[in-house]
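Have a look at the sequence and the fold, then we'll go through a few spots worth a click.

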Amino acid sequence: MAQRRDQISTNGSQTTRRTSLGLLASVASGLLLSACSHVPVVNTLFGPTSEPTLSGNIGTIVSDEPQATLVGHDVLARRGNAVDAATATAIALGVTLPSRASLGGGGACLVAPPNGDVKSIVFLPQAGQTLRGDRPASTPAMLRGLYLMQHQYGSVDFGDLILPAQKLASNGMTVSRTLASDLSTVRIGLLADKNAQAIFGRDETGTVVAGDNLAQPRLASFLDRVHSAGVGDLYNGALATVYASASQQAGGGLTNQDLRNTLPLQTDALHSQTGRLTASFLAPPADGGLGAAMRYQNGSNAQGTVAAWRASKSSSLSEAQAILDSNKTSNARLPALPASTSFVVTDRNGMAVACTLSENNLFGTGRIAGSTGIVLGASPATTPQPLLAAAILHHNHALKAVIAASGQNDAADAVGDAAQAAAHNATIPHSGSGRVNVITCQGGTCHGDLDPRGTGLTVGSTER
């Protein structure tokens with residue numbers, strides 16, 4: 001059994017697509033995601049057989065953490081597409097920004113293939129079947145959701161996209177100002193966990209600070225295991241047993257069955273049509289998309305829309321689209337919501353991805369899943385669901401804007417306001433507590449727009 005690898009042609013177009021029904025079924029069933037293949041190994045992203053990197057107009061990426069941005073850009077330079085770059089960026093954020101994007105959490109992404117329908121892929125961390133333990137954890141939905149997205153729309157072997165994050169964890173990465181600030185916020189509670197203290201602590205009471213080198217050997221070993229055994233090992237294999245046991249020891253209470261039950265969801269996106277302009281938004285259960293869409297359409301308060309939606313207990317895409325079409329607004333309110341992070345990517349072929357990630361609390365439960373080195377996400381049974389919002393705009397089927405945001409309660413309003421500005425070719429607003437990462441396109445040229453109040457990075461350019 002050789003691990004499956006897909007070919008990439010020398011001009012960057014994908015020559016092999018993964019449409020096998022058996023492989024698609026393996027995503028849902030959680031089987032080991034390595035399979036026999038008759039596809040020869042022609043090329044890899046990283047290694048002695050990889051082709052020379054591209055330069056120039058290869059694509060654009062904007063994220064809240066500079067090292068993760070560079071990982072995604074490197075994938076674009078090595079002929080990966082936007083989904084490949086988004087996958088690698090998200091996994092890298094699990095290393096460089098574990099306060100908001102731990103592999104123990106989850107998120108949601110919008111994917112716009114060139115000349116294809118925009119899809120919403122949601123992989124929210126789930127609560128365990130029982131709330132055992134003194135600090136219930138969420139299931140680690142991140143890798144399964146990313147695998148589904150990349151399997152459907154990516155162009156290279158998934159394992160290649162794990163390697164940059166694995167190297168950052170093994171060799172050490174530079175602590176960013178965002179991570180250092182998050183550590184300062186939760187320092188006392190986080191350092192109470194001896195495993196967290198061993199990773200993030202310095203001296204007896206301090207934490208690493210911006211500019212420090214931070215190596216995470218246990219997390220590197222975990223990523224190496226996933227690279228060699230496949231994502232399914234975390235949900236159906238030996239690694240699932242290791243993770244469940246570690247969560248129980250850390251008071252998280254997860255079981256093997258909880259991991260097996262963690263499934264991502266792919267649906268159509270929510271849509272708002274104005275003439276030849278189409279705005280697509282994340283669909284439920286990522287309900288920040290509905291709030292952002294309503295804000296975009298009529299300027300109403302996104303939080304009110306989401307609060308009313310959550311009170312209705314609905315989860316139907318058709319019902320959410322009906323609410324959007326009716327322009328029904330609400331003044332309901334949401335409680336304080338968890339932290340998140342976001343990023344956006346475009347490639348040279350016109351594909352776009354917008355993602356937002358969360359672990360349901362800053363540093364999740366504040367505890368580490370033992371030898372895996374992963375920060376355990378907080379159970380949604382004990383914390384409110386984060387507001388995950390993203391949008392992609394097309395005009396006459398041409399890409400116009402790619403938008404994602406963080407900022408807790410104000411994230412959806414920020415996406416709606418940015419989408420409205422992009423629709424009218426206006427300056428993207430950066431005000432309030434919502435933080436947007438945006439790529440805008442005009443006349444076939446795209447460029448990144450980074451919130452100047454943050455510490456992220458935008459790299460690259462796209463010209464078609």
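Which helices do the buried residues of H13 pack against? They pack against H12, H14 and helix H15 (411–423). Before the rest, some ground rules: this is a predicted model, where local features need pLDDT of at least 70, side-chain atom pairs count only at pLDDT 80 or more, and totals for chains, interfaces and linings use all residues. Residues are numbered from 1 along each chain as its sequence is written, and side-chain values use heavy atoms, with hydrogens and water left out.

**Overall picture**

- The protein has 15 helices and 17 strands; these are DSSP runs, helices being H or I with at least four residues and strands E with at least two, numbered from the N terminus.
- Of the 464 residues, 61% count as buried, where buried means under 20% relative accessible area, exposed means over 50%, and partly exposed is in between (1.4 Å probe, protein chains only).
- The accessible surface is about 16900 Å², and 50% of that belongs to carbon and sulfur atoms; the areas come from the Shrake-Rupley method with a 1.4 Å probe, and for residues only the protein chains shown count as cover.
- Take the contacts (heavy atoms within 4.5 Å) between residues at least 6 apart in sequence: 70% of them join residues at least 24 apart.

- Helix H13 (residues 302–312) is largely enclosed by the rest of the structure, because eight of its 11 residues are buried.
- Those buried in H13 are Ala302, Gln303, Gly304, Thr305, Val306, Ala307, Trp309 and Arg310.

**H12 against H14**

- The axes of H12 (residues 288–298) and H14 (residues 317–326) come within 10 Å and cross at roughly 15°; axes are lines fitted to C-alpha atoms, for helices over the stretch in contact, and angles run from 0 to 180 degrees between N-to-C directions.
- H12 and H14 are therefore roughly parallel to each other (angles under 35 degrees count as roughly parallel, over 145 as roughly antiparallel, 65 to 115 as roughly perpendicular and the rest as oblique).
- From H12, the contact uses Leu290, Ala293, Met294 and Gln297, and from H14 it uses Ala320, Ile323 and Leu324.
- By class, that contact of H12 with H14 splits into six nonpolar, one polar and no charged residues; Ala, Val, Leu, Ile, Met, Phe, Trp, Tyr, Cys and Pro count as nonpolar, Asp, Glu, Lys and Arg as charged, and the others, Gly among them, as polar.

**H2 against H3**

- Helix H2 (residues 66–77) and helix H3 (residues 82–96) have axes that come within 8 Å and cross at roughly 155°, which makes H2 roughly antiparallel to H3.
- On the H2 side, the residues that meet H3 include Val71, Val75 and Leu76, and their partners in H3 include Ala85, Ala88 and Leu93.
- The contact of H2 with H3 has nine nonpolar, four polar and one charged residues.

- The peptide bond from proline 284 to proline 285 is cis, with omega near 15°, and proline 285 sits in the loop between strand S10 (277–281) and H12.
- Phenylalanine 363 isn't a glycine, yet has a positive phi of about 60°; its place is the loop between strand S12 (352–358) and strand S13 (389–395), and it is buried, with a relative accessible area of 0%.
- Histidine 397 also has a positive phi, near 70°, and lies in the loop between S13 and strand S14 (398–406); at 73% relative accessibility, histidine 397 counts as exposed.
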